[in-house]
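Try each task before you read its solution.

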Amino acid sequence: MWLIGRQMNRRLKADPELRRRFFLFGLSSIALYTLFFLYSQELLVISSRTDGAYFLLPVVIVLLFSFVHGGFTNYFWRALGVRSKMAMGKR
Amino acid sequence: MGELDIAPHFIELHGANVLFLFLVGFVGGLVSGFIGSGGAFVLTPAMMSLGVSGVVAVASNICHKFPKAMVGAVKRHKYGQVDIKLGLVMAAAAAVGVWFGADIQHRVHQAYGHAGSSLYVSTFFVLVLFIVGGFVAHDVWRMIRTGSKHVEEERASRLARWIQSVEIPGTMMYFKIAKVRVSFLFILPLGVATGMLAATIAVGGFIGVPAMIYVLGVHSLVASATELVIAFVMGMGGAIKYALHGLVDIRLALIILAGSLFGIQLGAIGTTYVKPYIIKLVMAVIMLIVAVSRIVEIPNYLTELNILHLEPRTMGFLHGASFALMIMALMIGAFIIIGAMVRGHREHKLSLKAAEQAPE
């Protein structure tokens with residue numbers, strides 16, 4: 001774990017753009033999931049309502065989470081050095 | 001997550017099942033990113049094993065699936081593996097199947113309740129996974145036996161070659177990335193079947209991917225990547241349909257999404273390092289083990305419907321055995337993917353090193 005953390009730290013230090021995006025998406029993802037855990041009861045009640053346009057709420061919520069958290073997971077693997085064959089070839 | 005004042009068809013969540021869903025989501029995402037679908041067939045039973053009814057499990061699964069598929073499709077599009085045109089055509093046909101399948105699901109839940117819904121989903125699982133999984137397993141066995149597993153370019157099946165040869169004026173379509181030219185009339189029923197299955201058990205890909213490979217003659221890598229486009233489009237349609245009935249448990253969807261987005265990125269990266277037959281191997285192995293796991297659970301649902309009479313201890317044993325099998329399917333699938341990926345990565349690094357050391 002320590003070695004992985006060191007490798008990650010080295011890559012983040014070497015690539016400022018990766019570092020900026022990693023922290024931007026990472027912190028946004030943590031913020032969203034913190035809000036979700038704090039208000040999960042209310043969220044469930046509202047998102048399972050069938051009147052009006054409430055049915056769109058689950059769709060909008062998962063899209064928002066996937067954009068933010070999906071961005072973070074992409075930079076997470078990059079920071080770990082797990083990249084596609086094509087990206088490895090370009091290095 | 002505290003005491004919830006929620007509708008009876010939603011379960012209460014605690015630390016252990018949140019962690020379980022996150023981990024299952026991760027492996028499910030890994031499988032989906034790799035074979036285009038399949039996370040769902042593990043996730044639906046996983047949720048059901050926590051006491052979630054079949055219909056809520058499918059609804060929540062579909063709701064997490066389409067944004068995950070979108071992330072995976074974007075990633076694999078960057079690798080040149082996605083045929084967007086084929087995906088959209090299949091998805092348009094699948095949309096019809098999704099609405100039809102979701103409607104049947106809703107009616108089953110209304111008529112027979114929790115146990116009936118779970119029995120319906122499990123029966124479908126068993127039928128589809130055994131038939132399609134058996135067929136794919138047979139093909140993998142043939143590839144291993146004939147030594148064609150090392151081949152990068154796959155040869156289209158006899159059926160696919162015949163379908164590609166049929167010329168129906170006014171209906172022919174060419175798919176550039178998939179490199180196939182087929183009549184739209186052949187794609188239509190495949191799409192509808194994919195959609196119906198997706199809405200019923202949330203795993204349309206287990207019709208869609210083999211259909212594209214064996215019926216249309218699409219390369220495994222392209223078929224599995226294109227399936228993500230189909231999963232996105234019809235998943236969104238299915239999610240809206242279930243949300244209209246208030247059946248989506250957003251908590252389940254978001255927890256699974258948290259894990260599966262890590263997995264789908266890794267699975268997509270993995271496809272760039274492996275031979276096509278690995279995709280089929282993973283599909284076949286997981287499908288067949290999960291099918292057995294659902295068979296083991298069916299007597300319990302029959303008992304709940306008063307068709308069978310089992311002792312609570314026997315029911316508990318069957319439930320545990322089914323759960324253990326499902327975990328086994330997950331672990332074996334993940335093991336094959338990560339093993340193949342590590343091997344491919346190592347070989348690629350060695351070839352890069354050799355190229356660097358070679359004289360100009």
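**Exercise 1.** Find which side chain makes a polar contact with the side chain of Q265(B), and list what Q265(B) touches.

*Solution.* Step one: the partner is the side chain of K75(B), at 3.1 Å; a polar contact is a pair of N or O atoms within 3.5 Å, where within protein one must be able to donate a hydrogen and the other to accept it, and residues adjacent in sequence count only if both atoms are side-chain atoms. Step two: beyond four places in sequence, Q265(B) touches G70(A), T73(A), N74(A), W77(A), V71(B) and K75(B), with contact meaning heavy atoms within 4.5 Å. Step three: Q265(B) is buried, at a relative accessible area of 3% (buried is under 20%, with a 1.4 Å probe and protein chains only).

This is a predicted model, where local features need pLDDT of at least 70 and side-chain atom pairs pLDDT 80 or more, while totals for chains, interfaces and linings use all residues. Residues are numbered from 1 along each chain, chains are lettered from A in the order written, and side-chain values use heavy atoms, without hydrogens and water.

**Exercise 2.** Describe the interface of chain B and chain A.

*Solution.* Start with the residues: 43 of chain B are in contact with 34 of chain A. Next, the buried area (accessible area lost on being put together, 1.4 Å probe, summed over both parts) is about 3400 Å², with 77% from carbon and sulfur atoms. Finally, count polar contacts: 13 residue pairs across the interface qualify, both residues at pLDDT 80 or more.

Key:
Buried means under 20% relative accessible area, exposed over 50%, partly exposed in between (1.4 Å probe, protein chains only). Buried area is the accessible area (1.4 Å probe) that two parts lose on being put together, summed over both.
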